[in-house]
Every structure is written in structure tokens, then in C-alpha cells.
Amino acid sequence: MNIETIGFIGLGNVGEKLAKNLLKYNSNILLFDKNKKTYSKFKSTSFCFCKNLKELADKSNIIITCLPSPKSVNNVIKSLIPYINKKHLWIEMSTTDKNEIIRLSKIFINKGGKVLESPITGGEHRAKSGNISILAAGKRKNFERAFPILSCMGHKILYCGKLGNASILKIITNYLASLNLIGIGEALAVAKKNKINLGLTQKAIEISSGNSFVNETETKVILSGTYNVGFTMDLVNKDMYLFTKLAKEHNIPVDLGRIINKKFKVGINRLGRRSFSTSIVKLLEKECNIKFRAKHFPKYLIDNQKKQKGIEIIEL
């Protein structure tokens, strides 16, 4: 691919993994995170750390953000705007508000820059392996410029059309994952109370019409007892807020959405905002006086597949 200088902002659980995958293909990577402690994750690499966002903007022509909230994205772009010009392409990989990405994009474009939103989906373990899925939206020429870069970080890449579409679709998929997680908890409780081995239960679901990505991944770390998915309650709460906001804009009744929102708010109050999202099933464990456990399940999710080539998924 053509080597472009990339400035990467946001080195949390997911951002760190995406940035490290980029380095395998491009040595021209500049890093910035307001929490300088995150830099310790890159001690054995040849990354260049920027002192501030001005330095990053001045030295890069591709700017990637991977941040935890719409507020964080707004703060970063607000700080970057004075240094943006026509050389810059902003690739936004956070899960954020559709209206915010459109608003901030207009400001960025007015400075001469270009924008592509590219939120990721598929779990932290696939972000690490480089096999994460990516939903991209914006002008097609911006997507084509960014595609070689996205291919370094992901496997299945779907072009979703105009700006805002990818953010909407990402929130929809996160809503469905949370819905599946609540359902898995109730299913495991019914199996447990009927004295069915939960390892057997997980496998039965996996080969059935009731299977889901959540069962194939998150159920396993629930049964091992670690609950470790690298995704936390506060992030689910943010996503559910954005989903119900999207529905409310068009007067769509989302009864299940309200139930999930309420459950995760209870989860945050009882278990803490930084507890793993999978910990939500602990509420049911406590209420039913049971534990969801089975032998031979992993403590952490690992994608054992080698890095797959980045491919564009074509809409039928």
C-alpha cells in the first residue's frame, strides 16, 4: 500500500490493538493519548509519541480516532481543528453519535479535510488479531483512500454509504449484542435450574437456531467465571442511550430497548460502571442463587486465526 503518515489518537483497550496492527504494515505511525500511562504498552515498538495534538496534525496526513464517548471525540476534534488542512483525512473508529459525527465532519471539511467514519465490531480479541469487522461510511473516494489502512486492522470491511450510516449500524449491532446477552443469562438460568450441564447447554445453543455471536464468545467467559470481554457496563449504557435516541427521533417503540437500558442501569448501580458487560448476568445468578459455571471454557477470548486479508463485503 502507499505509505501515509498516520496519527493515531486513543490508546485504550481497543485503540492499542488497532495501532499495533498498523505498525506491522506502516512504520510511519504517530501516537497520542491524554493518558500518558498508555504509552507503556508500546515500549518494545518503534512508535513516535506526540507531545500534543498540534504536533500530530502537523506531522500526519491521516488522523485516526478511537475514543470512548461522543464527548471525547468532540474534545479532540475541537482541539485539532485549528491545524487541519486539505492534506488530512480523518478516520473516526469510535462508537459515537450519528448527529455528532455529521456535525463534526462539517467543521472538519470546512477546514479542507476529508472524513470517513469506520467503527469496528466483533470483539476485542479480533481487534488484537487484526480480524475485526469494520463499517465505513463517507464519500467513496475517501473509503478507497482509507481501505489499505483499514485492511491492516480488519478483515471484513463494509462500505455503508453516506456519513452517519456506519454509526447508526454500529449502534444497532451493539443493541442486538446486549439483547442477546440478556437472553443468554435467562437461558442459562433455565438450564441450570433444570439440572442440565451448562457446557452442554452452550454447545446445544451453538448448533441450533438460537445461536449468536454472543453465545460463541461471551458465554464462554461467563462459564469460565472471568466474565472478561474487555467491554464494560458504562459503554453498554452509552450505546443503549444512543439506540433509544435514534428510535425516539422517528417515534419508534422499542420496548426491549427500554428493558435492556433499565437492566444495565441496575447493573451499573450494583456492580460498578467499569465492570464487564457480561457481569449483567450476575444479577440473575444472585436472584436465583445459582452460578453459571462449566469446565474447560477459556478465561479470555482469543482469536486463533491468523490475520486474514482485508476484503470489502459487497452489499447484495
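In which helix do Phe-143 and Phe-147 both lie, and how many residues apart are they? In this predicted model, the two residues belong to helix H6, which covers residues 140-153. Phe-143 and Phe-147 are 4 residues apart there, about one turn of the helix. Their rings form an aromatic pair with 5.7 Å from centre to centre and 65 degrees between the planes, an edge-to-face arrangement. Phe-143 has a relative accessibility of 1%, so this residue counts as buried.

The structure holds 6 aromatic pairs. One of them joins Phe-42 and Phe-49, with ring centres 6.4 Å apart. The planes of Phe-42 and Phe-49 meet at 70 degrees, and an angle over 60 counts as edge-to-face, so this pair is edge-to-face. Is Phe-42 buried or exposed? Phe-42 is buried, because its relative accessible area is 1%, under the 20% limit. Phe-49, at 30% relative accessibility, counts as partly exposed. Ring pairs also bring in Tyr-39, which is linked with Phe-42 and Phe-49 into a cluster.

Arg-140 lies over the face of Tyr-159, 5.0 Å from the ring centre. Lys-282 is placed over the face of Tyr-227, and its distance from the ring centre is 4.6 Å.

The next part concerns two helices. Two packed helices are described by the angle between their axes and the distance between the axes. Helix H3, residues 70-80, packs with H4 at an angle of about 5 degrees, and the axes are 10 Å apart. Angles under 35 degrees count as roughly parallel, so H3 is roughly parallel to H4. On the H3 side the contact is made by Pro-70, Val-73, Asn-74 and Ile-77, and on the H4 side by Glu-100, Arg-103 and Leu-104. By type, the residues of this contact divide into 4 nonpolar, 1 polar and 2 charged.

Where is Thr-96 placed? Thr-96 is in the loop between strand E5 (89-92) and helix H4 (98-110). Its relative accessibility is 4%, so Thr-96 counts as buried. Leaving aside neighbours within four places in sequence, Thr-96 is in contact with Pro-70, Val-73, Ile-101, Ser-167, Ile-171 and Leu-242. Among these, Pro-70 and Val-73 also take part in the contact of H3 with H4. Ile-171 is 75 residues from Thr-96 in sequence, while the C-alpha atoms of the two are 8.2 Å apart in space.

Definitions and conventions: Residues numbered from 1 in each chain as written. Predicted model: local features only at pLDDT ≥ 70, side-chain atom pairs only at ≥ 80, totals over all residues. Heavy atoms only, no water. Buried < 20%, exposed > 50% of the residue type's maximum accessible area, 1.4 Å probe, protein only. Contact = heavy atoms within 4.5 Å. Axes fitted to C-alpha atoms, helices over the stretch in contact; angles between N-to-C directions. Parallel < 35°, antiparallel > 145°, perpendicular 65-115°, else oblique. Nonpolar A, V, L, I, M, F, W, Y, C, P; charged D, E, K, R; others polar. Phe/Tyr/Trp six-rings, centres within 6.5 Å; stacked < 30°, edge-to-face > 60°. Lys NZ or Arg CZ within 6 Å of the ring centre and 35° of its normal.
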